[in-house]
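Me: I would like to talk through the pockets of a model together, one question at a time. Could you look at it with me?

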Amino acid sequence: MEKLPFKRLKGQTALITGAATGIGRATAIQMAREGANVAIDYLSDSARAREVTKIIKDAGGKAVAIQADISREEQVKTLFRKVIETYGTVHILVSNAGIQNEKAVDKMSLEEWQKVINVNLTGTFLCAREAIREFKKRGIQEQVSRAAGKIICISSIHDQVPWARHANYTASKGGIMLLMKSMALEAAPHKIRINSIGPGAIKTPINPKIMKDARAREKLGQSIPYRRVGEPEDIAMAAVWLASDESDYVTGTTLYVDGGMGL
Ligand code: NAD
């Protein structure tokens, strides 16, 4: 029997956007556990970002927290520059930062539309563009991975399931799907793999009700085919697999991690 998988991301650097909370936080911790050097991008909550770096460092891992608004081009460039200054390069981007802003279309201002599109869709483009530039420049480092780089977009089941009062959000996630697929097609000959994860209902601060209210969570769980609400770690584990060489022949696809919700 071959040795069991061990530290599947050893020697690699992973940048996770919006990683002070929720899915990003769990992914940063899980990737560090798998041996990656981790960069934690955060928007404003420096205390929570520092908490994540402390958890990783206390466990013997490497982590750095960097503030950047991923919807701003110059800040994204600076973010990548700082990650590369710290660790030498970047091998894995988890484009996770995202927001929701519930509103009926006829009540939605242009500003409310653009804010969600700018963070979720344009932010993914800006981060992916910098990552692809770095992956192409560096090429493959065989000692760490068969691919020159991996991008994982944290999308949603709402990249294909419509959602009333969330047209800005669904448009951004639907946009991510074809952005991801087009980038994957373009980047595959350069040995760069790009995929999405489509979470269902996950217990994170983006869903304050199911975060705080155990009864609401239980009720929602019962409406999901697999009969539970998802945990951030459910997504983090899938992200590790997509970042590892175990998924080396997987690109341009969305992995739905939703307990069957999208069915
Ligand atoms: P979350 O609110 O805990 O995480 C989102 C993070 O993004 C926050 O830390 C926030 O500060 C950060 N962020 C927001 N705007 C940013 C910006 N401009 N620049 C940098 N960071 C910014 O919620 P989450 O559930 O962990 O969300 C993570 C991703 O998962 C999002 O893209 C969300 O759409 C997606 N998702 C979540 C669920 C769910 O049920 N929780 C379901 C489907 C998809």
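Predicted model: local features only at pLDDT ≥ 70, side-chain atom pairs only at ≥ 80, totals over all residues.

Me: Which helix gives the most to the lining of the second largest pocket?
Reply: Residues are numbered from 1 along each chain as its sequence is written, and side-chain values use heavy atoms, without hydrogens and water. Helices here are DSSP runs of H or I with at least four residues, strands are runs of E with at least two, and both are numbered from the N terminus. H1 and helix H2 (46-58) each supply at least two lining residues, and the top contributor, with three residues, is H1.

Me: How many residues line the second largest pocket?
Reply: A pocket is found on a 1 Å grid over the protein atoms alone, as an open set of points where a 1.4 Å probe fits, with protein on both sides within 12 Å along at least five of seven lines; lining residues have an atom within 4 Å of a point. Ala32, Arg33, Ala59, Gly60 and Gly61 lie nearest the centre of this pocket. Its lining residues number 13.

Me: What volume does the largest pocket have?
Reply: Grid points are joined across faces, edges and corners, and the volume is the space filled by probe spheres set on them. For the second largest pocket that gives about 250 Å³. For the largest pocket the value is about 1,100 Å³.

Me: Which element gives the largest share of the lining of the largest pocket?
Reply: This pocket is lined by 45 residues, with Gly98, Ile99, Gln100, Thr204 and Ile206 nearest its centre. The elements that give two or more residues are H1, strand S2 (37-42), helix H4 (110-138), H5 and helix H6 (208-212). The largest share, five residues, comes from H4.

Me: Where does the ligand sit?
Reply: A molecule sits in a pocket if more than half of its atoms lie within 2 Å of the pocket's grid points. By that test, the ligand is in the largest pocket.

Me: How far is a nitrogen atom of the ligand from an N or O atom in the side chain of aspartate 69?
Reply: A polar contact is a pair of N or O atoms within 3.5 Å. An oxygen atom of the ligand is 3.2 Å from a polar backbone atom of glycine 200. For the ligand nitrogen and the side chain of aspartate 69, the distance is 2.8 Å.

Definitions and conventions: Polar contact = N/O pair within 3.5 Å; in protein donor to acceptor, adjacent residues only side chain to side chain.
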